[in-house]
Amino acid sequence: MSLPAYTSTGERIWFYAYRIFCGLVFFFLIAPIIVIIPLSFNAVPFFSFTEEMLRFDPAGYSLRWYNDFFTNPNWQGAVKNSIIIAFFSTILATFLGTVAALGLSRSDMPFKSTIMGLLISPMIVPLIISAAGMYFFYSKVGLQGTFPGVILAHTALGTPFVVITVTATLSGFDQVLVRSAASLGANPTTTFFRIIVPLILPGVISGALFAFITSFDEVVVVLFVGSYEQRTIPWQMFSGIREQISPTILAVATMLVLVSIALLTVLELLRRRAERLRGMTPQ
Amino acid sequence: MKKIRQISLVLGSATLLGMTGVANAQDLVVVSWGGAYTASQQKAYHDPFMAGNPGVNIINDDSAAEGISKLRAMNEAGNVTWALVDAVASDAIILCEEGLAEPVDHDALLAPAPDGTPASEDFGDLIVSDCFIPSIVYSTTFGYRTDLVKEPPTSIMDVFDLEKIPGKRSLEKRPIGNLEWALIADGVNPDEVYDVLDTEEGVDRAFAKLDTIRDEVIWWEKGAQTPQLLADGEVVIGSTYNGRLFSVIEEEKQPIAMMWDWQVFDLDGWIIPVGGPHREIVGEYLRFATDTQRLADQAKFISYGPARKSSAPLVGKHATLGIDMGPHMPTAPDNAKNTLLYNYVWWADRKDDLTERFNAWLAQ
Amino acid sequence: MNTGTAYPEIVKTADGIPLKVSLARAQRKSKIRGVLLVLPLFAFILLTFFVPIFDMLFRSIENQLVPEVMQNTSKLLVDWNDQSGKLPPEEVFAAAKLDFEKGHAERTILRVGRRLNYEVPGFASLFRKTARRAKDFEPPYQDAFIERDKRWGEIDTWRLIKRESGAFTISYYLAAMDLAYAPDGNVGMRSEKQRIYLKLFWRTLVLSALITFLCLILAYPIAHLLSTLPLRTSNLLMIMVLLPFWTSLLVRTTSWIALLQQEGVINDLLVGLGLLSDDGRLAMIHNATGTIIAMTHILLPFMVLPLYSIMKTIPPSYMRAAKNLGATPAVAFIRVYFPNTVSGIGAGCILVFIISIGYYITPALVGGTDGTLISNFIAYHMSISLNWGLAAALGVILLVIVLMLYYLYDRVVGIDKMKFA
């Protein structure tokens, strides 16, 4: 978009001011995420660019923080726990959320919006409140400080995302397809697996990704419901920052940025696929 | 609640069978503070104990910082997996009163001194609670940047003197210790500090004294912060645990020196959680790990003083630096000219309301 | 659905059941099937989420400990008139002796002392002192108690025990709102020096409003840009919004620590450029500034996305039409474009505001003393002070505020409209 020839000087100034402002906001959004990447290769335990780094002197860079990450049992335990917890809570959340979404998108579902509101409330209630409630209650029933406790808590936090994404996919779903399948002699099971599943799959997968990242990133609930034994990557980062901040945390952060780039890519591919399946033109 | 418990158990076990991480028969989960402190315990206590008891495997759990709340949570569930918890004295008192820590008979459980003095006498008045088994004496004291002050601070008064020591200082973000220092710096006789604090005017006076330096204070919450702030030159003087200062001065060779005047003594030691596993082994471990030699050994790895009187003469050199550790102990005569031991009983009453008042004061 | 009522005679299915009945049955079946599908998740959320929240509600008012441990005393105190100006009768002291003795043996009585210490500092030591000796008390017990500690001879001591010996208490809520009982039993504000939570709720609301406002100012132009640029370019720029959105909260907080601290990137840069002297480095972290900057960054995508989705629906022809009709660009914007985006603004603002008033991690790490929020104090009472009742009461108050905002959100946007990028 360029300016037409007839614009006045005032409009020109305004236009460029607006563009510059937007540029600055984008810079504000992205710079903090980019800046930690070179810092994580710092050869010295500081959070700033050394002169060697600015001169691109190889001596200013090192992999020592990555090395620390891969050899420190605290971090390795955290990675293992994060994956276990996120894996199980994603499976549970995806299953429960998808089934519920199938029910919720039936046109004859009673009290639809109330139920929807209740089901997605774990997403609305501030995490500190969920964490407090779960901490008190899970303590009472013996789930505090156990893997099942953390997994159940993360499942509860992840299901709203699955419900919302799958319901959104189903809202574009043409019920005529089900009826035509039935009229062509398909039984409900066949219809489900041959017609419904392929169509809602992109929604289910992106819901699952949301659930996964919810658990993988979550720190407040795991701080309380979990214990040292269940420490996850964010748990370890949080206590690391509080105790003594070392560039190892920047190395972890850099790797997590790569994870989020991968996730973002998968989600975008899924979105395109979903649109193609629904007969919309890919953008 | 029983029904809910059953439901949740079914729920829990159906979700993930056998993932609760239940410790093996001889696994002893010992909760401590992590970092250099746990490392010193590992070398001085755990390793030699495991060498003598091959069936026992000690697992370190670095959750001592949230020890009291996690212990209460486990206790509510009736499923305490921690065998032994390292706690500061004030927390040990709370745990004891909340019925979360087991009272012990110190003389029956612990080894006497080599000369036969019973444990209770050897530890003396450091046994501040029936549930508490002291292991170290540490102190919260000051370190300052030798290159950034015009003349070295010599007394607690100087911490509150912005003319003599201009610049930022760091203090712990809690009332305990700071109120006492404020009153002493304000001229209160150190023996009467708690009597003065017992009155509303006394508390006002302490806060008024803190007011005079308020704008120049950075408040810390973790022991690592002051050494970091000092090393970065963000503060010229700051309080922290003496062991942290030792390592930043002697190991990292930073231009920092100690100012011991009115260091506040505090104690750290063990408590046995109520309902915890492996009582027999825990008893054996405690008898071993708190004997005269073992307590003296810990001082080789970290500059905290042994809690037994009989250990003091046995303190030797630092294991790697080869420095004589005696002069670095908070209890060394040169360092301990003016010292203050917290009045734990007084603080057990006043901690909640004075912390609220302290936070309100900070929020002004 | 058309059930065939237009026909004069009753239509029947092949097996002879009236179509109306058959259809109704089929519909009911389908309805039940729908409910059955939703049921597992509903039960799951109920057990893992709602029950805990209700448990927290319960914890904020429950007071079983005192009446349970001081069973005999609290029963008798019911009949004692605390306005009579007289100490409770001897039988209350006798009951107290029993309770103390039993509570000492069972190691429960000191918990009562700690519980009452929340109300009046000093009760912990009073109970500690008394519990150790109670088994040796000889009648008359009143004298024995008073001899042990003179506070047992004060009416206020017994008033407090009587007041807190019911199964429920409102004192956690009073504390959470900086209120307290005066010794005479009336409720009033706490002394100026003790007030903290109202200030914190207020600070939380003010900082959240400020962060919301900053997000709006920053998000509006870029959402507009994204919605007007050609798709290829806007998709590319959208990544700059979505990448932070998908990046771990702790990663973003960490990078702000690296950027803002005194020896950090921004200060180094300013000093390097000669804009600051080395000892004049800015304090941008461990204070409210740090909290505001980091949280604005973290929440900005939550503002951009709803604005973008609304702006995307406004046809560019609106603005062109306004301009053709003689409006200056400014007027066209204010009269035509802006009103069309109000619902997006409402959605984004409420969303950001709701998220920020419950924020814990970022203020805990970069907030220092004047940048911490109410949630940090909830965490403090959960894990450090062990005053779970107060933590629960503060949590419930925060929850009520959020639910009111949520209701507002539902009114403005509708819950079911919630979507993600």
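**Ala296(B) and the architecture of chain C**

In chain B, residues 292–298 form helix H14, and Ala296(B) lies within this element; helices (H or I, at least four residues) and strands (E, at least two) are DSSP runs numbered from the N terminus. The model is predicted: local features need pLDDT of at least 70 and side-chain atom pairs count only at pLDDT 80 or more, whereas totals for chains, interfaces and linings use all residues. Residues are numbered from 1 along each chain as its sequence is written, and chains are lettered from A and ligands numbered from 1 in the order in which they are written.

Ala296(B) counts as buried because 21 C-beta neighbours lie inside 10 Å (buried: 20 or more other C-beta atoms within 10 Å; exposed: 12 or fewer; partly exposed: in between; C-beta atoms placed from the backbone). Beyond residues up to four places away in sequence, Ala296(B) touches Pro306(B), Ser311(B), Leu314(B) and Val315(B), a contact requiring C-beta atoms, placed from the backbone, within 7 Å. Gly316(B), 20 residues away in sequence, lies 7.8 Å from Ala296(B), C-alpha to C-alpha.

Chain C contains 19 helices and 2 strands. Its radius of gyration is 32 Å, well over the 22 Å from the globule rule for 421 residues, so chain C is more spread out than a compact globule; the radius is taken over C-alpha atoms, and the rule is 2.2 Å times the number of residues to the power 0.38. Along the principal axes, the C-alpha atoms of chain C fill a box of roughly 95 × 95 × 35 Å. Buried residues account for 42% of the 421 residues in chain C.

Key
Contact = placed C-beta atoms within 7 Å.
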